[in-house]
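Welcome! Take a moment to turn the model around on your screen before reading on.

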Amino acid sequence: PAYAEAWALMALSQAELRFWHGREEDPLPAAERALEINSGLAEAHAVKVRFFEQQGEHDRADNELEQALNLGPDSWEVNREAARLMFGRNRMDDAIRYYTKSSELMDTDFHSCLMSQSCYLGVGDETGALDAARRTLERAEVALAKDPTNGAAIAAGASSLIMMGEIERGMDW
């Protein structure tokens, strides 16, 4: 009951269920409980960022993001959430910065590399997009070596190969 990180993890899980799987979960009570125990827990603030943004409360989302980034500049969850928010607001340079940071923080994160491709293309940087495609492919291959049925890794690798001009290989994937 007094373990803030467990409450934050519950809030992160509930947010995923709500925003990715359409479940009727409310992540705010668990995030708030985590912050009652440890007000410096950046990941709990990151949950609130997504919740408020989805509710159209952009100022509250921005306030939570500022707190999260101040408390956890090296948190994968915080940087991933900052990237998602910036991407959604079409702030591609900021999204690139946060996707890059999140991919540096977790070397198995092929999704952030994949999203970086879109961001680089959005700002007209084909060289950056190709570099992101190479990093995505490398990470997707590692993920598939562990789990050959990982559909997200297959899709990321295939699209990266096509981006790199390896159309036939991408089609095989």
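This is a predicted model: local features need pLDDT of at least 70, side-chain atom pairs count only at pLDDT 80 or more; totals for chains, interfaces and linings use all residues.

**Overall fold**
- Reading from the N terminus, the elements run α-α-α-α-α-α-α-α-α-α.
- The radius of gyration is 17 Å, which agrees with the value near 16 Å for a compact globule, because that is what 173 residues would give.
- Along the principal axes, the C-alpha atoms fill a box of roughly 55 × 35 × 25 Å.
- If you look at contacts between residues at least 6 apart in sequence, 50% of them join residues at least 24 apart.

**Surface and charge**
- The chain exposes about 9100 Å², and carbon and sulfur atoms supply 51% of that area.
- There are 17 positive and 31 negative charges, and their mean positions lie 2 Å apart.

**Inside the protein**
- Of the 173 residues, 43% count as buried.
- The largest nonpolar core has 21 residues, and those with the most contacts inside it include Leu65, Leu69, Tyr98 and Cys119.
- Helices α3 (42–54), α4 (58–71), α5 (76–88), α6 (92–105), α7 (110–122) and α8 (126–146) each give two or more residues to this core.
- Val78 is also among the residues with the most contacts inside that core; leaving out residues up to four places away in sequence, Val78 touches Ala42, Glu43, Ala46, Ala68, Leu69 and Gly72.
- A second, separate core of 12 residues includes Leu12, Ala15, Ala30 and Leu41.

Methods. Residues are numbered from 1 along each chain as its sequence is written. Side-chain values use heavy atoms; hydrogens and water are left out. Helices (H or I, at least four residues) and strands (E, at least two) are DSSP runs, numbered from the N terminus. The radius of gyration is taken over C-alpha atoms; the globule rule is 2.2 Å times the number of residues to the power 0.38. Buried means under 20% relative accessible area, exposed over 50%, partly exposed in between (1.4 Å probe, protein chains only). Contact means heavy atoms within 4.5 Å. Accessible areas come from the Shrake-Rupley method with a 1.4 Å probe; for residues, only the protein chains shown count as cover. Lys and Arg count as positive and Asp and Glu as negative; His and the chain ends are not counted. The place of a charge is taken as NZ of Lys, CZ of Arg, CG of Asp or CD of Glu. A nonpolar core is a set of buried Ala, Val, Leu, Ile, Met, Phe, Trp, Tyr and Cys residues joined through side-chain atoms within 4.5 Å.
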